[in-house]
Amino acid sequence: MGGHRQRLRPVGELMERKPVLLGVGALAVVMLLCGATVGLPMLMFGQADAEAAACEVPSAPGSSPEPGAGRWDGVATTNAATIVAVGRQRQVPPRGYVIALATAMQESTLRNLANANVPESLNLPHEGVGRDHDSVGLFQQRAGWGSVGERMTPSYAAAKFYEALVKVDGWQRMRLTDAAQAVQRSGLPEAYQKWEGDAEQLAALVLGLPNIDDIGGGAPTAPCGTDDLGPVPVGPGGWVQPIRAAIGSDFGQRGRNFHAGVDMSKPDVRGDTIRAAATGVVEQVKCDWYTTCDRDGHTRARGCGWYVDIRHPGNTVTRYCHMIQRPEVAIGQQVTAGTVIGFVGNSGGSSGAHLHFEVHLNVPEGQFHANRDNAVDPVPFMRAQGAPLGLTT
Ligand SMILES: [Zn+2]
């Protein structure tokens, strides 16, 4: 495989969802206020207790084109996280993730492949080049599965795979290779079976679980819970909404203060789950001493209250503020899109229960480097990831 290209993935037209406005009455909840940027106090007080966070992308080192090697690189792991996120979003039972991962391992070694026979595919972002008929993408889907652009959009390709898989009668009880073959109709029907162990390991890895047997167990809101995501958009790169709620306050200058994120709320939002927006590693879990923590804050308080930072591949950091209690994740923990990281509250400089959500780009490695200078407006960012914020269908 050659022709590696690094490019931003385009947002497929298909992934655009029309935002649906909630009634004005419901939106006119509280005028939410967050404390000013948390960057400075964290810089001042953060270094002392900085821990050695695992700041790399959540991937095992080294590629694993061989079954049983059990190691997959960052590109493969990110694609795996997307496949799993789409499965959760579509409420496919976990066995489906394993079948989908094993299939993509066999078809593409979890690379989004262009095809030398399909010139259009070479102009799209890709992670290798194959030459099998007109097959492209993670699942090597042929022309009947969609346009070239669609089949080379990982979330689309995964969705089409699941769509076909769940129509196979008895797929959950079949041998893995039989279920995969029923979807793929490959010339090598036994070829998927050898990836089962790798697929189980990788599914557990991207779900942040120690073992595949934990999948499907536990309370839906348990740490590392594997509850499904529900009918939320999953972007081409596997991004999801951290919470399904309306944006009550925008990013930007707010009087003399700078609001480094957006505030999201809806009626009765207190206690709602907050989810990791994408795969990554938890870099910070904290409630600063100078703010309020396990109780309601107020507008004279400063800071985030209980918050979590997650570092995603490409040195993007997302921040989630004002949680109701100590978050459900720990520093260094791998999370995937949709992992429950905590619950909506009103801790810190906050005048009502809401999620204050920040996105930071090009953040230098290490904790406490996400600050107002690298904060970007989460609204266009999340739209570009195919997981627009707000109450979308
Ligand atoms: Zn805010």
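1. Two residues are taken to be in contact if their C-beta atoms, placed from the backbone, lie within 7 Å. Helices (H or I, at least four residues) and strands (E, at least two) are DSSP runs, numbered from the N terminus. The model under discussion is a predicted one, in which local features need pLDDT of at least 70 and side-chain atom pairs count only at pLDDT 80 or more, while totals for chains, interfaces and linings use all residues. Residues are numbered from 1 along each chain as its sequence is written.

2. On confidence, pLDDT being the predictor's confidence in each residue on a scale from 0 to 100, the protein has a mean of 79, with 77% of its residues at 70 or more. Residues 1–61 stay under 50, and for them the model has 126 contacts beyond four places in sequence. The pLDDT is also below 50 over residues 216–226, a stretch with 18 contacts in the model beyond near neighbours in sequence.

3. As to the overall build, the protein has 10 helices and 14 strands. Of its 393 residues, 55% are buried, a residue being buried if 20 or more other C-beta atoms lie within 10 Å of its own, exposed if 12 or fewer, and partly exposed in between. Among the contacts with a separation of 6 or more, 67% join residues 24 or more positions apart.

4. Helix α4 (residues 94–108) packs against helix α7 (residues 154–165) at an angle of about 120°, with their axes 11 Å apart; axes are lines fitted to C-alpha atoms, for helices over the stretch in contact, and angles run from 0 to 180 degrees between N-to-C directions. The two helices are therefore oblique to each other, since angles under 35 degrees count as roughly parallel, over 145 as roughly antiparallel, 65 to 115 as roughly perpendicular and the rest as oblique. Gly96, Ile99, Ala100 and Thr103 of α4 make the contact with Ala158, Phe161, Tyr162 and Leu165 of α7.

5. Helix α8 (residues 176–184) is largely enclosed by the rest of the structure, because 7 of its 9 residues are buried. Among these are Leu176, Ala179 and Val183, and the cover over the buried residues of α8 includes α4, α7 and α9 (196–206). Just after α8, Arg185 adopts a positive phi of about 50°.

6. Helix α9 is likewise largely enclosed, since 9 of its 11 residues are buried, including Asp198, Glu200 and Leu202. What covers the buried residues of α9 includes α3 (74–89) and α4. Gly208, which follows α9, has a positive phi, near 70°.
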